[in-house]
Amino acid sequence: MVSEYNMKKIAAEHATKYVQAGMKIGLGTGSTAYYAILKIGEMVRDGLSIQAVATSEASEKLAVEQGIPLIPLREVDRLDLTIDGADELDDQLRLIKGGGGALLREKITAFHSERLVIVADDTKTVTQLGAFPLPVEIVPFAYEWTIQSLTQLGCTVQIRHKPDKGFYVTDNGNYIADCKFQQIPQPEELSSRIGSLPGVVEHGLFIGMADQAIIGCQDGTVRILHSGNSVAKNPFDS
Ligand SMILES: O=C[C@H](O)[C@H](O)[C@H](O)COP(=O)(O)O
């Protein structure tokens, strides 16, 4: 049995096997993506030539510390691969993201990537999304009205706070509304309803974006989920 943190590390390090010389890589955010960034840093120091874009200020700082070359966004057309974490994922690779507040930059980066590989420990896999409160990035202007609109969708909304009180502010200067639904049986429908609310910048439902998920398991192995529902039998096959 391995600890949750080792499950994250195993998954993240497995995903770095997809990183090849010359690629432009999106670096995710969070405690699982952290291990991917460390491993990519090690690969760069061993001579691998890649360039990267970070999905948050925290990941950018880590990438710089690791010596990973960052590319200005204006110089990138498309990324080859993004490796990122998730707060919840189902077997159709529908995700909840944004527990670390980075969902907006993560979604933009994922959208402009050829391939999105999710790394997570096995505690994140669910049969139905919704146990994890859905993070929604909202603009500060009239945020009380936006919270009211979100509540009308049938959830309980908590505006995210910093540990030392005061509102949590994203890298983009916005707030996060954490929306707790009983369950999310139809994520596609909820995605378009939330997306159409004025005041909402972006939400943490990522649907049809992930190509693969590498799941770190308690026995120290990985399970690989592919979009389209198939599960790799031999985790080291793909
Ligand atoms: O905003 C943060 C991101 O969406 C993270 O990738 C997500 O919260 C998972 O983070 P962790 O790997 O720390 O559980």
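Biologist: Is the crossing of H2 and H3 left-handed or right-handed?

Modeller: This is a predicted model, in which local features need pLDDT of at least 70 and side-chain atom pairs count only at 80 or more, while totals for chains, interfaces and linings use all residues. Residues are numbered from 1 along each chain as its sequence is written. Helices (H or I, at least four residues) and strands (E, at least two) are DSSP runs numbered from the N terminus. With the near helix turned clockwise from the far one by less than a right angle, the crossing of H2 and H3 is right-handed.

Biologist: How is H2 oriented relative to H3?

Modeller: H2 and H3 (residues 57–66) pack with axes 9 Å apart, at an angle of about 25° (lines fitted to C-alpha atoms, for helices over the stretch in contact; angles from 0 to 180 degrees between N-to-C directions). Angles under 35 degrees count as roughly parallel, over 145 as roughly antiparallel, 65 to 115 as roughly perpendicular and the rest as oblique. H2 is therefore roughly parallel to H3.

Biologist: How many charged residues lie in the contact of H2 with H3?

Modeller: Contact requires C-beta atoms, placed from the backbone, within 7 Å; Ala33, Tyr34, Ile37, Leu38 and Gly41 of H2 meet Ser59, Leu62, Ala63 and Gln66 of H3. Ala, Val, Leu, Ile, Met, Phe, Trp, Tyr, Cys and Pro count as nonpolar, Asp, Glu, Lys and Arg as charged, and the others, Gly among them, as polar. The contact of H2 with H3 holds six nonpolar residues, three polar and no charged.

Biologist: How is H1 oriented relative to H2?

Modeller: The axes of H1 (residues 4–15) and H2 (residues 33–45) lie 8 Å apart, at an angle of about 45°. H1 is therefore, relative to H2, oblique.

Biologist: How many charged residues lie in the contact of H1 with H2?

Modeller: On the H1 side are Lys8, Lys9, Ala12, Glu13 and Ala15, which meet Ala33, Tyr35, Ala36 and Lys39 of H2. This contact has five nonpolar residues, no polar and, among the charged, four.

Biologist: Which strands stand at the edges of the open sheet?

Modeller: Four antiparallel strands take the order S8-S9-S7-S10, pairing being assigned where DSSP finds at least two bridges. One side of each edge strand is left without a neighbour in the sheet, because each has a single partner: these are S8 (156–159) and S10 (200–203).

Biologist: What angle does the direction of H6 make with that of S10?

Modeller: S7 (residues 134–138) is joined to S10 by three bridges. H6 (residues 187–195) packs on the sheet and touches S7 and S10, its direction making with that of S10 an angle of about 160°.

Conventions. Contact = placed C-beta atoms within 7 Å.
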